[in-house]
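Biologist: I would like to learn how to read a protein model step by step. Could you take me through it, giving the general idea and then the case at hand?

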Amino acid sequence: MFAAERRQLILEMVRANGAVSLRELARVVQTSEVTVRRDVRALEAEGLLDRRHGGAVLPGGFTRESGFPQKSHLATAEKTAIADLAAGLVEEGEAIVVGAGTTTQELARRLARVPGLTVVTNSLLVAQALAHANRVEVVMTGGTLRGSNYALVGSGAEQSLQGLRVSRAFLSGSGLTAERGLSTSNMLSASVDRALVQAAAEVVVLADHTKLGTDTMFQTVPTDVITRLVTDEPPTHDDRAATELQALADQGVQIAVAGGSAGSNSGSPGVDSVPARQPRRDVPLPGQRRNHGGHGAGPGAQLRSAVLGEQQPGERAARVADLRRR
């Protein structure tokens, strides 16, 4: 294709889906991600779309939020790898809360195999994923249905969470930065997520690399409240995401990285296979604020985890390569 034809097709895909990953764009227009990234930059300069880490979205800045159909097509492989790793954190018989989102929906599908689990959620999609799990009890909040992401929000949802106490909260969002923590574009969703956080002893954020360094309108979870971040490995060219991961680690957030090369076109990232429920120990961060025990890997999951520690200046370029060697 000529450049003008590629860019027109890219624009049509973004307009149709709201958000599309660079990998998917490259597949459809049959060219490299490097070329697609150049096309996306050109379209952004014309004000026709906005770039995000690993993808492109309709323009809208801080206030715009894509609906479920659009989000479900962005970074799907990365979300699957993150869900596989996050499921290994959950023990039999635990009580947890799971927030709304496409990544948490993937997590819920894997939690159906954990016996004796109690899941409190405001997400219809999470509840649906667990509806036929006869060994999992699902408790839904009250509230008003927000159709764009199939979540219950409002005062009814928040009041139903008062007095609740669980071991962990699993949350996603629209953006994550070391400066502000997790954020979202909708005030009602942010308010319910904050109530979910108040109910949990630990907070686990699930965010793929496209959300790292992205800041949106309403803060959900400050960085100092986040216990652990489960993410995927940023592409080798994505210095911003790698820098953000290091900044989060410097503030005491434990970083667990799932999968292999997030920028690979092969669709088969190089990962290590970990036996089901094999105990695994995190490397403590310098000045770490929290002391966590070991946790297992989810059944049949292919994953790899790494915790980013303190590094000397000038080593930023080696960080992602180091993740691959672990």
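**Reading the fold**

Modeller: Among contacts in the chain between residues at least 6 apart in sequence, 68% join residues at least 24 apart, where contact means heavy atoms within 4.5 Å. This is a predicted model, in which local features need pLDDT of at least 70 and side-chain atom pairs count only at pLDDT 80 or more, while totals for chains, interfaces and linings use all residues. Residues are numbered from 1 along each chain as its sequence is written, and side-chain values use heavy atoms, with hydrogens and water left out.

Biologist: How many helices and strands does the chain have?

Modeller: Helices (H or I, at least four residues) and strands (E, at least two) are DSSP runs, numbered from the N terminus. Here the chain has eleven helices and 15 strands.

Biologist: How should I read the packing of helix H2 and helix H3, and at what angle do their axes cross?

Modeller: Two packed helices are described by the angle between their axes and the distance between the axes. Axes are lines fitted to C-alpha atoms, for helices over the stretch in contact, with angles running from 0 to 180 degrees between N-to-C directions. The axes of H2 (residues 22-29) and H3 (residues 33-45) come within 9 Å and cross at roughly 105 degrees. That makes H2 roughly perpendicular to H3, a label used for angles of 65 to 115 degrees, whereas under 35 counts as roughly parallel, over 145 as roughly antiparallel and the rest as oblique. The contact involves residues of H2 including Leu22, Leu25 and Ala26, and residues of H3 including Val36 and Val40.

Biologist: Is Val36 buried or exposed?

Modeller: Buried means under 20% relative accessible area, exposed over 50%, and partly exposed in between (1.4 Å probe, protein chains only). Val36 has a relative accessible area of 0%, so Val36 is buried. The C-alpha atoms of Val36 and Ala26 are separated by 6.0 Å, although these residues are ten apart along the chain.

Biologist: Which residues of helix H6 are buried?

Modeller: Helix H6 (residues 102-111) is mostly covered, with nine of its ten residues buried; among them are Thr102, Leu107 and Leu111.

Biologist: And why does Leu145 count as partly exposed?

Modeller: Leu145, which lies in strand E7 (residues 144-146), counts as partly exposed because its relative accessibility is 49%.

Biologist: Where is Thr220 placed, and is Thr220 buried or exposed?

Modeller: Thr220 belongs to strand E13 (residues 218-221), and its relative accessibility of 4% means that Thr220 counts as buried.
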